[in-house]
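Let's walk through this fold together, from the overall chain down to single ring pairs. Have the sequence and the 3D view ready to turn as you read.

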Amino acid sequence: MPNPTLEERVRRLEALRAIDALIGDLARAFDAGPSAEALLPLFTDDALFRIDRYGDLVGAAAIAGGVAGNAEQGFRWTLHYLVSPKVTLDDDDAAAEVDFMLWEVATAASGRAYWIGGRYLARAVSVDAGWQFARLELQADLISHYPAGWSPKPDALGDA
């Protein structure tokens with residue numbers, strides 16, 4: 001966009017900040033149980049969530065329910081760090097290609113601890129309610145069991 005107006009520049013900056021917030025909301029929804037209620041508004045009604053080679057969920061309701069339901073058989077506790085977003089806005093600023101990295105610690109339903117790393121590729125779209133994911137794809141590069149497991153926080157930092 002050659003020589004954008006101030007209004008166009010502000011609109012683009014607001015879109016970029018809203019997409020950053022969408023990514024943050026995704027991490028918090030994953031780590032809140034995961035919470036179907038928190039996940040539902042993050043996806044379009046016809047969204048696709050491709051979970052590496054483990055399957056697809058289609059539609060906001062199926063994604064929210066499927067991710068939340070996974071806690072019983074998949075990962076029951078997670079801590080997501082979604083970092084280094086790269087956002088490429090469409091010319092009309094109404095949609096964007098999004099690429100961000102994942103670093104995660106998790107506990108499986110089996111009680112085993114895991115390190116998980118990879119990236120998410122996404123399509124975000126602006127709708128009346130704000131920004132949502134129309135497509136989200138996890139490309140996991142690392143899903144590694146951590147045999148030592150997680151330890152509780154020490155009572156004092158000097159005991160770490």
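Of the 160 residues in the protein chain, 36% are buried. Please keep in mind that this is a predicted model. Taken along the principal axes, the C-alpha atoms fill a box of roughly 55 × 40 × 25 Å. The chain holds three helices and six strands, and from the N terminus on the elements run α-α-β-β-α-β-β-β-β. Among contacts between residues at least 6 apart in sequence, 55% join residues at least 24 apart.

Now turn to the sheet. It is an open sheet of six strands, with mixed pairing and the order β2-β1-β6-β5-β4-β3. At the edges are β2 (56-58) and β3, each of which pairs on one side only. From one strand to the next, the twist averages 15°. As a reminder, strands of a sheet pair through backbone hydrogen bonds, either parallel or antiparallel.

Strand β3 pairs with strand β4 (residues 95-108) in the antiparallel sense over 12 bridges, and here Val-83 stands opposite Met-101 in β4. Next, β4 and β5 pair over 13 bridges, also in the antiparallel sense.

Continuing across, β5 and β6 pair in the antiparallel sense over 14 bridges. A hairpin joins these two strands through two residues. Ser-126 stands opposite Trp-131 in β6, while Leu-121 has Glu-137 in β6 as its bridge partner. In which sense do β1 and β6 pair, parallel or antiparallel? The pairing of β1 with strand β6 (residues 130-145) is parallel, over five bridges. In β6, Phe-133 is the bridge partner of Phe-43.

With the strands in place, look at the helices. Helix α1 lies across β1, β3, β4, β5 and β6, and runs at about 165° to β3. Helix α3 (residues 60-69) lies across β1 and β2, and runs at about 45° to β1.

The aromatic side chains give us another way to read the fold. A pair of aromatic rings is described by the distance of the centres and the angle of the planes. A search of the whole structure finds 10 aromatic pairs. Take Phe-30 and Phe-49: the ring centres are 6.4 Å apart and the planes stand at 25°, so this pair counts as stacked, the cut-off for stacking being under 30 degrees. The pair links distant parts of the chain, with Phe-30 in helix α1 (residues 6-31) and Phe-49 in strand β1 (residues 43-51), 19 residues apart. Are these two residues buried or exposed? Phe-30 counts as buried because its relative accessibility is 7%, and Phe-49 is buried too, with a relative accessible area of 3%; the cut-off for buried is under 20%.

A second pair to pick out is formed by Phe-75 and Tyr-114, which is edge-to-face at 5.7 Å centre to centre and 80° between the planes. Phe-75 lies in strand β3 (residues 75-89) and Tyr-114 in strand β5 (residues 113-127), so the pair ties together parts that are 39 residues apart in sequence. Phe-75 counts as partly exposed at 23% relative accessibility, whereas Tyr-114 counts as buried at 16%. Ring pairs also link Phe-30, Phe-43, Phe-49, Phe-100, Tyr-120 and Phe-133 into a cluster. Phe-43 and Phe-133 in this cluster are the bridge partners from the pairing of β1 with β6.

Finally, look for the largest pocket, which has a volume of about 530 Å³. Which residues that line the largest pocket are the closest to its centre? Of the 21 lining residues, they are Ile-51, Asn-70, Phe-75, Glu-104 and Leu-138. At least two residues of the lining come from each of β1, α3, β3, β4, β5 and β6.

Technical notes. Residues are numbered from 1 along each chain as its sequence is written. This is a predicted model: local features need pLDDT of at least 70, side-chain atom pairs count only at pLDDT 80 or more; totals for chains, interfaces and linings use all residues. Side-chain values use heavy atoms; hydrogens and water are left out. Rings of Phe, Tyr and Trp (its six-membered ring) pair if their centres lie within 6.5 Å; planes under 30 degrees apart count as stacked, over 60 as edge-to-face and the rest as tilted. Helices (H or I, at least four residues) and strands (E, at least two) are DSSP runs, numbered from the N terminus. Buried means under 20% relative accessible area, exposed over 50%, partly exposed in between (1.4 Å probe, protein chains only). Two strands pair if DSSP finds at least two bridges between them. Axes are lines fitted to C-alpha atoms, for helices over the stretch in contact, and angles run from 0 to 180 degrees between N-to-C directions. Contact means heavy atoms within 4.5 Å. On a 1 Å grid over the protein atoms alone, a cavity is a set of points where a 1.4 Å probe fits but cannot get out, and a pocket is an open set with protein on both sides within 12 Å along at least five of seven lines; lining residues have an atom within 4 Å of a point. Grid points are joined across faces, edges and corners, and a volume is the space filled by probe spheres set on the points.
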